[in-house]
Structures are given as C-alpha cells and as structure tokens.
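Subject: Handover of a structure and summary of findings

Dear colleague,

Please find below the structure that I am handing over to you. I would be grateful if you would look through it before reading my notes.

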Amino acid sequence: MTISEDVVEQAEQCLRDFGAAPAEAGCGFADVVRVRHMLPGRADSEPCRPVLRRRFGEVRPAATMLECGLADRRMKREIKVDARLPSGR
C-alpha cells in the first residue's frame, strides 16, 4: 500500500488496477463509456494526458474532471470508469 508522489505514476497505477478487474468480466478499455477524474488540483491533469491516450487509444469515453479533496493527502489522482459489457459476452 505505497503511494507514489508522482501524479503520472499514480495515473498509471489507477489504469493498471482498472485493466485487471473488467478483464474478468470480459471487457476492457475499448468498452469504457465514461471516465471520472478526481484531482486535488487541476494542474495535475495535463501531465497525465499521454498516459490516458496510451491506454485508451482511439476510445473517447465521456469524461469529467472534478477538483476535490481525496481520502489520503498523498493521493493526487483517482480515476473511476464505467464500462459496458459487450453483447454476446
């Protein structure tokens, strides 16, 4: 339960965590329909854009960024996603 001080590393970890859980249900990044980014400061949003582009590729889910306090002061980013389970899976 360590938390990197680097916002980009935190974004990478959030997306690694996301990638594992939906795979068990048969969906992945291509099935994401909405993303909510929670950050204590909006300045931490821009450095993470390349990470998001790499992970999502051509997928363009609806996205919202919230500037808010997070549960632990060391946290610089939290990402929540909604994905649809493709029909036939």
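The notes below set out what was found, beginning with the overall fold.

Please bear in mind throughout that this is a predicted model.

**Overall fold**

The protein is made up of two helices and three strands. Read from the N terminus, these elements follow the order α-β-α-β-β. For the 89 residues of the protein, the globule rule gives a radius of gyration of 12 Å, and the value for the model is 13 Å, so the protein is as compact as a globular protein of that length. Along the principal axes, the C-alpha atoms fill a box of roughly 40 × 25 × 20 Å. Buried residues account for 33% of the 89 residues. Of the contacts between residues at least 6 apart in sequence, 88% join residues that are at least 24 apart.

The three strands form an open sheet in the order 2-1-3, and their pairing is mixed. The edges are strand 2 (62-67) and strand 3 (78-83), each of which pairs on one side only. From one strand to the next, the twist averages 15°.

The two pairings can be described in turn. Strand 1 (residues 32-39) runs parallel to strand 2, and six bridges join them. Within this pairing, L39 has E67 of strand 2 as its bridge partner. Strand 1 and strand 3 are antiparallel and are likewise joined by six bridges. Here R34 has D82 of strand 3 as its bridge partner. As a general point, side chains in a regular strand alternate between the two faces of the sheet.

**The nonpolar core**

The largest nonpolar core holds 14 residues, and those that touch the most other members are L15, F29, V32, V35, L52, F56 and I79. Two or more residues come from each of helix 1 (7-25), strand 1 and helix 2 (49-56). Helix 1 gives the most to this core, with five residues.

L52 shows how such a residue is surrounded. When residues up to four places away in sequence are not counted, L52 touches L15, H37, G57, R77 and I79. Of these, L15 and I79 are also listed among the core residues that touch the most other members.

E12 has its place in helix 1. Its relative accessible area is 17%, and since buried means under 20%, E12 counts as buried. Apart from neighbours within four places in sequence, E12 is in contact with V51, R54 and R55.

D31 is found in the loop between helix 1 and strand 1. With a relative accessible area of 7%, D31 is buried. From C-alpha to C-alpha, D31 and E12 are 18 Å apart in space, and they are 19 residues apart in sequence.

S45 belongs to the loop between strand 1 and helix 2. This residue also counts as buried, at 14% relative accessibility. Leaving aside neighbours within four places in sequence, S45 is in contact with L39, M65 and R77. L39 is the residue whose bridge partner in strand 2 is E67, and R77 is one of the residues that L52 touches. S45 and A83 are 38 residues apart in sequence, with 22 Å between their C-alpha atoms.

**The cysteines**

How many disulfides does the model contain? The count comes to zero. A disulfide is a covalent bond between the sulfur atoms of two cysteines, and the cut-off applied is a pair of sulfur atoms within 2.5 Å.

With kind regards

Methods
Residues are numbered from 1 along each chain as its sequence is written. This is a predicted model: local features need pLDDT of at least 70, side-chain atom pairs count only at pLDDT 80 or more; totals for chains, interfaces and linings use all residues. Side-chain values use heavy atoms; hydrogens and water are left out. Two strands pair if DSSP finds at least two bridges between them. Helices (H or I, at least four residues) and strands (E, at least two) are DSSP runs, numbered from the N terminus. Axes are lines fitted to C-alpha atoms, for helices over the stretch in contact, and angles run from 0 to 180 degrees between N-to-C directions. A nonpolar core is a set of buried Ala, Val, Leu, Ile, Met, Phe, Trp, Tyr and Cys residues joined through side-chain atoms within 4.5 Å. Buried means under 20% relative accessible area, exposed over 50%, partly exposed in between (1.4 Å probe, protein chains only). Contact means heavy atoms within 4.5 Å. The radius of gyration is taken over C-alpha atoms; the globule rule is 2.2 Å times the number of residues to the power 0.38.
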